[in-house]
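Me: I would like to learn how to read a structure. Please take me through some features, one by one.

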Amino acid sequence: MRQLWVWMLLMALVFVNDRCHCCLQEERSSLLEIKAWFMSHAAAESILLQGWDKEDLNCCNWSRVACDSTTSRVIELDLEDVNYGALEKDLYLNASLFLPFKELETLHLSFNQLVGGLKNQGFQALASVLRKLKILDLSDNKFNDSILSSLSGFSTLESLDLSFNSFTGTIGLNGLRKLEVLYLEATNFKESILLDSLGGLPSLKTLHVGWNKLEGKHFGKGLCELKNLEWLYLGQNNLKGVLPPCLGNLSSLRYLDLSNNQFEGNIAFSHLSHLPQLEYLLISNNYFQVPISFVSFMNHSNLKYIECDNNELVPASSFHAPAPKLQLRFFSASSCTSKLLSVEFPTFLYSQYDLVFVDLSHNKFVAEHFPSWLNFIMANNSLTGCIPLCFGNMSSLKQLDLSNNHMSCELLENNLPRGGSSLWYLKLSNNNFKGLLPPSVFNMTKLVYLFLDGNKFVGEVPGTFAPTLQIVDISNNLLSGMLPRGIGNSSIDPIEGIDFSKNHFE
């Protein structure tokens, strides 16, 4: 009798254990129906769902499916790109297939050529069942305005991605008060009134509305109500005019991208300087006036990244903060216009000690001496003098481009990083460097691209070349003697291009 009792207890434990680790029968059946439905429209069986097998009772172990560890209910379903190669151009999703997944929290449906509304049961019906859905990804499909009015029914959503679809009308999201992340990139929206319609999303922290056709000068009322917004991307649109003052009220904003629009106005007088948490500021390719002193941002201790290429540079302010808190890691101000014949060098950079990348190329900067404290691309300016000796100690420098300036001196070994440095790209073209070529230039162990053309170097070329060199251009100099024997010794990456023309070689 005791043995029978023990046996029954063991069987009960096995039964309970089996129920705890197997998914629900109705959810497993629905997953198999979803697979069959997609396969009926695809040109071939999707390799992404081959592991969904009716012989495997535990669908929680299937790929692209995740279950709750306690209830074994499906909480995550990833159907991204399972309809690859679909035969039909217009594919309407059968919403009834998802009705059993009442605990679902994440649903990915991107890249499936889905179009229009849901044919059998609309988004409203689906929203009434998926009451715990937090993440919904509908990007890269063919959805149109027919689904917009129903999206507010997903009141539990925290993240919604509608990018790369074909919307044109007004989006209704007022019911999504828990929404924190919203992607609306490349959705064909045109009117900037879209930005005003987002004011009813008090929890929103991340907003991507780039790559649309938004146009107009008046926007910002609804956008400026998003007090918790931390990340705002408005790049690649047709927005115009000056920035609304209310942008300065977004006190939590850390990332702001306004690039590739038609904004105008002096950023020193805008309210961007009122954003204390700002870390990234991208305003390239607009009509902004950019004071090269950046004095209005000197107290921004969090700001690390500024990109303001292709705007208008205006004279620097005479005021300089005695102890600026600004310490940038990335600064780019290339290809800017100016009404001045020459532009004062951005002296605020003298106080920047954490810089990793700087691009000031294609400008009218004038400096009597080359700055000894930077490590950057500064081609196409009017720099004079020589490369500071301290560059020889820059072991982490990877790219140095000083081409198309007026630099003139005899280049010495210590002017450039030494043989064991990280330098892989060196371009000193079209200056007035003279004297003998330093042998160390050709022996840098990681150098791949070397451009020394258009200078006044004399003498013979050193006989040994680093095995990593792939492109070497020393044309248009005053070099002479025999061609170097070492040019054929590149064993790691064979040389792809050589230009020794316009010299005096024998």
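Me: Is Ser150 buried or exposed?

Reply: First, the ground rules. This is a predicted model, where local features need pLDDT of at least 70, side-chain atom pairs count only at pLDDT 80 or more, and totals for chains, interfaces and linings use all residues. Residues are numbered from 1 along each chain as its sequence is written, and side-chain values use heavy atoms, leaving out hydrogens and water. Now the terms: buried means under 20% relative accessible area, exposed over 50%, and partly exposed in between (1.4 Å probe, protein chains only). Ser150 has a relative accessible area of 10%, so Ser150 is buried.

Me: Where is Ser150 found?

Reply: Strands (E) are DSSP runs of at least two residues, numbered from the N terminus. Ser150 sits in the loop between strand E4 (135-137) and E5.

Me: Which residues does Ser150 touch?

Reply: Contact means heavy atoms within 4.5 Å. Not counting residues up to four places away in sequence, Ser150 touches Phe123 and Gln124.

Me: Where does Ser166 lie?

Reply: Look in the loop between strand E5 (159-161) and strand E6 (181-183). Ser166 is partly exposed, because its relative accessible area is 36%. Leaving aside neighbours within four places in sequence, its contacts include Phe143 and Thr187.

Me: How far apart are Ser166 and Phe189 in space?

Reply: They are 8.1 Å apart, C-alpha to C-alpha, and 23 residues apart in sequence.

Me: In what sense do E23 and strand E25 pair?

Reply: Two strands pair if DSSP finds at least two bridges between them. E23 and strand E25 (residues 456-459) pair in the parallel sense, over 3 bridges.

Definitions and conventions: Helix = DSSP H or I, 4+ residues; strand = E, 2+ residues; numbered from the N terminus.
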